[in-house]
Amino acid sequence: DEFPDWFEKKQKPVLDNWLRGEAERKKLSTSWMSCAGMLVAYVFFPEYIAVLAIWYQAIADTTAKWYGLKEPRFGVFKRPKIIANKSIQGALTAFLACYSLSWVIISMDSWFGLSLFPFPLDMNFSELSLMIIVGSVAAIFAELFGWKIDNFTIPVLASYSMSLCVV
């Protein structure tokens, strides 16, 4: 199936450039790395940890890139870089997105009766808070130091670090 002519001429180039830059279009897709990271998270870690880690992978990479490239920058600084092409703005936004999303997912059960996060009933608020903060920070470190395989390292590192918080 082909796209309609109007889409091919007007919308597809815009979407291609926004979603994937010229250099990324020439590389192998990172989808397989995402799948491998999700598989490792589900196989080696408890389900409630894997669910959060996979959500972190979905949100951290996207928000870090999108907000890290967006104008305006912080104050008078021009895109303060942390590492290579990673910005402070992208890293902070990704952390806030992971942290906020965690509480939304956990709260869905009490708000709407949707159990999207099968966390243990004996887990208290402080343990859960620590796990979420550590997992969000780990996701950001994996994003910053992912060595081009951050789609794999985000769920694995976040799962591992959250599992260390839960005894």
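**The nonpolar core**

The largest nonpolar core comprises 27 residues, and those with the most contacts inside it are L52, Y56, L128, M131, I132 and M162. Such a core is a set of buried Ala, Val, Leu, Ile, Met, Phe, Trp, Tyr and Cys residues joined through side-chain atoms within 4.5 Å. At least two of its residues come from each of α4, α5 (88-112), α6 (125-144) and α7 (150-165); helices here are DSSP runs of H or I, at least four residues, numbered from the N terminus.

This is a predicted model: local features need pLDDT of at least 70, side-chain atom pairs count only at pLDDT 80 or more, and totals for chains, interfaces and linings use all residues. Residues are numbered from 1 along each chain as its sequence is written, and side-chain values use heavy atoms, with hydrogens and water left out.

L52 lies in helix α4, residues 47-69. L52 counts as buried because its relative accessibility is 0% (buried means under 20% relative accessible area, with a 1.4 Å probe and protein chains only). Its C-alpha atom is separated by 8.5 Å from that of I132, 80 residues apart along the chain.

G90, in helix α5, is also buried, at 1% relative accessibility. Between G90 and A64, 26 residues apart in sequence, the C-alpha distance is 3.9 Å.

Finally, the helix pair. Helix α3 (residues 31-44) packs with α7 at an angle of about 15 degrees, their axes 7 Å apart; axes are lines fitted to C-alpha atoms over the stretch in contact, and angles run from 0 to 180 degrees between N-to-C directions. α3 is therefore roughly parallel to α7 (angles under 35 degrees).

Notes: Buried < 20%, exposed > 50% of the residue type's maximum accessible area, 1.4 Å probe, protein only. Parallel < 35°, antiparallel > 145°, perpendicular 65-115°, else oblique.
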